[in-house]
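Grab your viewer and let's work through some side-chain contacts together. Each exercise sets a task, and the solution takes it one step at a time.

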Amino acid sequence: MGKRVSLFVTCIVDQLFPKVGMAMAGVLERLGYQVDFPENQTCCGQPAFNSGYRGEARLVARHFLDTFESCETIVVPSGSCTAMVTHHFAELFAKDQAALARVHALEKRVWEFATFLTEVAGVEDVGARLEEVVTFHDGCHGLRELGIRDAPRRLLACVRGLELREIEPAEECCGFGGTFAVKFAELSGAMARTKIEAIERTGARTVVSLDPSCLMQIQGALLRAGSSVRTMHLAEVLASR
Amino acid sequence: MSAEFDQKIHTTLADANLQLAIYTATGRLKEKRVESVAPGILPDYQELRTQANAIKQHSIENLDHYLEEFERNVEARRGKVVYCKDATEVADFVLGLAKERRARLVVKSKSMTTEEVDLNERLEHHGLESVETDLGEYILQLAHERPYHIVAPALHKTRYDVAEIFTRTLHVPNEIVIEKQTAIARRVLREKFLAADIGISGANFLVADSGAVVIVENEGNARLTTTAPKIHIAVAGIEKVIPRAQDLATFLKLLARSATGQLLSVYTSFLAGPRRPGEIDGPDEFYVVLLDNGRTKLLPDRTKRQSLYCIRCGACLNTCPVYRKIGGHSFPWVYSGPIGAIITPQFMGVAHEPSLPFASSLCGACGEVCPVKIDIPKILLELRSDVKKSETREKQNRIEKLAFRAFAFLMTHPRLYELAGRMGAAMAPSDGGSWIRNLPAPMNIGPVRAWLSQRDLPPPPAKSFREMWRRR
């Protein structure tokens, strides 16, 4: 029996993109992990935190702690939600020593999916095959808060049949930003259009990312612009064979 | 969001020429910055940032000490330090001095601090002529506009715009060649420099151990402003003080690179006191106006007072995907971009434009390029929380507040959360799994409507992940 990992699929994957969660579970099982899904999980609380509602965010964060405290390793298909737990929970509980100790004990065990594969599982080739020209979108929180740059590219480089073309300019936000996308909808939409123009210049047919929320923004804007470019989560690419 | 903020964003986004001008100009500055701090050119860039941050932290934490030291050293060189708490005090001081010395004409070099206190308007209101001598600032003064950008004030103006402004205000023939436009401005401004009674400058650094004002610039107009007239007044925020002249070795390496991608600005002036006996150049009188204007309010908060570390390089503007779309004039005060979004609410109060800290996707690009490592995204998040805490019962968005209470309740009750998800999915139209472009009127409201105004919306799947997981 392999090592155990617990999924935190995030609320957005649970409610809107369940296939991403299934793909991630599939890749982990293929690598010999015993995968479980703690049923009490919901959200990391980021929407409330980013909107200035720290009290509400704290309640949700505490629920996360209660749900995952007993898990040895937690894998998350999102850089942004991972960063919320590993970088912002501590801010939420800065004045609560007991909760802070729980946060510090937990945050080391929470891994973004691509980083988990390269750093913990120690694999780059997961045996995937996908005949496709793709480009990769760096989600801002994964990139700047977690420092994830190489891991997904190393994983993609090992996918048979896949060609990766970089976006120029790279590292520019897609304009999602959580509630920003609806509070400043016109601005967010303009940022998304600049992003998809850059994506289309690569000539890739598919955009890959670690973050379902960026993909929702990009896919929504691509469809609205009448583009045939499609989006895939990294887990879906790695699950392809 | 205030209607004015909303309208300015909308107008800027709708102007295709302006969009191109902003995006191109900031893109050029952004690229040059990246090249100038590349590991092959500046291997110790990250160490310099850490050092700059440490010096600023130390300076701000010991602000009283270093301001007193600076004052002592300015006075030892026969200069004078004047403390001003707000715009009125700055104007009163300058006007009082002008009256005593019978001054009529003021030349100014670029200074965001004087923009903060509307100095030109206040001086002109009392019959003084005040002329901006930085080319960009001069263009904007003629056009009656505020700076669009901290470093490149006329970034939004094309050469054709400048030709039109010059023709209209200076009555010169239409001229679209940039070098010739510069020559026109130079001709006008040289006369002003020679005739000016007072020169007003800003300051990039105030050096405590030597009582010196340090100014960096590219056009030479600041050097003329500070040396040609008989009186020089430097107006600076109190946070500009640094302990030692040797600290400049750190800051000067970072400032020009971060601002324009230059290794060093064309002119770096060290100004300490009036002309000494035997010297040919320099003013007879030298004043440093130290302005508070809200700055001391930031000092109690350990995180937010980092905002005072800013050296006004503008790198965060050039890299910000929001600034690059909405430009400088959409911002509610003189400071724009990410740094404007954190200092405006703190200097002016969060009620000034409560939605300002929310006008960010929190992408973090600003924090990544800040040469003094201000954690701008973290401060934005704290300000968002401050806005929500400060909202009075009448002003708050009741629906939003209820929505987040409901969110927290659902997210801490997994069964209800699942049920709510199923209800939502049942209500949504199912069209073979294709993305949603329109919704019927009763459902097309609030955030859903805002989303659909720009993008298609993913349809809820037949089963949530947890349902698929149970049944697999």
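What follows is a set of exercises on a predicted model.

**Exercise 1. Find out what A:Asp96 pairs with, and where the two partners sit.**

Solution. 
- Start with the distance: the closest N and O atoms of A:Asp96 and A:Arg62 are 3.1 Å apart. The cut-off for a salt bridge is 4 Å, so this pair makes the list.
- A:Asp96 is in the loop between helix H5 (79-92) and helix H6 (97-107) of chain A, while A:Arg62 belongs to helix H4 (residues 54-68) of chain A. The partners are 34 residues apart, and the pair links distant parts of the chain.
- Now check accessibility. A:Asp96 comes out at 26% relative accessible area, which means partly exposed. A:Arg62 has 31% and is partly exposed too.

**Exercise 2. Work out which salt bridges B:Arg101 forms with B:Glu100 and B:Glu285, and how exposed the residues are.**

Solution. 
- Take B:Glu100: its side chain meets that of B:Arg101 in a salt bridge at 2.9 Å, N to O.
- Then take B:Glu285: here the closest N and O atoms are 2.7 Å from each other, again a salt bridge with B:Arg101.
- Look at what the bridge to B:Glu285 connects. B:Arg101 lies in the loop between helix H5 (87-100) and strand E2 (105-108) of chain B, and B:Glu285 lies in strand E10 (residues 285-291) of chain B, so the contact ties together parts that are 184 residues apart in sequence.
- Finish with accessibility. B:Arg101 is partly exposed at 34%, B:Glu100 is exposed at 60%, and B:Glu285 is buried at 18%.

**Exercise 3. Classify two aromatic pairs: A:Phe64 with A:Phe89, and B:Trp333 with B:Tyr335.**

Solution. 
- The structure holds 20 aromatic pairs over all chains.
- For A:Phe64 and A:Phe89, the centres are 5.6 Å apart and the planes make an angle of 85°. Angles over 60 degrees count as edge-to-face, so that is the label here.
- A:Phe64 sits in helix H4 and A:Phe89 in helix H5 of chain A, so the pair ties together parts that are 25 residues apart in sequence. Both residues are buried.
- B:Trp333 and B:Tyr335 are edge-to-face as well, at 5.5 Å centre to centre and 70° between the planes. B:Trp333 is buried at 11%, and B:Tyr335 is buried at 0%.
- Ring pairs also join A:Phe64 and A:Phe89 with A:Phe8 and A:Phe68 in a cluster.

**Exercise 4. Locate the charged ends that sit over the rings of B:Phe251 and B:Trp451.**

Solution. 
- Over B:Phe251 sits the charged end of B:Lys56, 5.5 Å from the ring centre.
- Over B:Trp451 sits the charged end of B:Arg455, 4.1 Å from the ring centre.

Note on methods
Residues numbered from 1 in each chain as written. Chains lettered and ligands numbered in written order. Predicted model: local features only at pLDDT ≥ 70, side-chain atom pairs only at ≥ 80, totals over all residues. Heavy atoms only, no water. Helix = DSSP H or I, 4+ residues; strand = E, 2+ residues; numbered from the N terminus. Buried < 20%, exposed > 50% of the residue type's maximum accessible area, 1.4 Å probe, protein only. Phe/Tyr/Trp six-rings, centres within 6.5 Å; stacked < 30°, edge-to-face > 60°. Lys NZ or Arg CZ within 6 Å of the ring centre and 35° of its normal.
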